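Colleague: Could you take a close look at one residue and the helix it sits in, and walk me through the surroundings?

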Amino acid sequence: MLRGIVNYMEIKHNCKQCGQCCCWEGYIYVNKPDLKKIAEFLKLTEDEFINEYVELEQKPRFNLKLKENSECLFLNPDNRCFIYPVRPQQCRDFPQKWRIEDLEELCPGVEQEEEREAALK
């Protein structure tokens, strides 16, 4: 049985809305179209949104600021994304385009390897 990085093209995912993917350490990249959509959704100018919610330390990329515990600022206490309709492309691509070791163990919505093997029989 292979462990480690899952082939993202084979991932079957049924989101359980547990919020785990919004709590991992790292960066949440925001591209220019994301910035515009999120700012409009929050009824802010792009400059206001950037000043309030974006870190500029990793130029030229924009990263969303995180809570002190590494959670996304937009994760509500009920594990729902406050900006879900306009969430960043990086979030929309989860998990299919993410390369994460042991993704099956970290995300309860990812079909386990045993389930994939059984489905192929």
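Modeller: Happy to! Leaving aside residues up to four places away in sequence, Asp-34 touches Tyr-29, Arg-87, Pro-88, Gln-89 and Arg-92 (contact means heavy atoms within 4.5 Å). This is a predicted model, in which local features need pLDDT of at least 70, side-chain atom pairs count only at pLDDT 80 or more, and totals for chains, interfaces and linings use all residues. Residues are numbered from 1 along each chain as its sequence is written, and side-chain values use heavy atoms, with hydrogens and water left out.

Asp-34 counts as buried because its relative accessibility is 1% (buried is under 20%, with a 1.4 Å probe and protein chains only). In the chain as a whole, 31% of the 121 residues are buried.

The chain has five helices and three strands, in the order β-α-α-β-β-α-α-α.

Helix α1 also meets helix α2, residues 46–53: their axes, lines fitted to C-alpha atoms over the stretch in contact, come within 9 Å and cross at roughly 100 degrees. The two helices are therefore roughly perpendicular (65 to 115 degrees). From α1, Lys-32, Leu-35, Lys-36, Ile-38 and Ala-39 make the contact, and from α2, Glu-46, Phe-49 and Ile-50. These residues divide into five nonpolar, no polar and three charged.

Technical notes. Helix = DSSP H or I, 4+ residues; strand = E, 2+ residues; numbered from the N terminus. Buried < 20%, exposed > 50% of the residue type's maximum accessible area, 1.4 Å probe, protein only. Axes fitted to C-alpha atoms, helices over the stretch in contact; angles between N-to-C directions. Parallel < 35°, antiparallel > 145°, perpendicular 65-115°, else oblique. Nonpolar A, V, L, I, M, F, W, Y, C, P; charged D, E, K, R; others polar.
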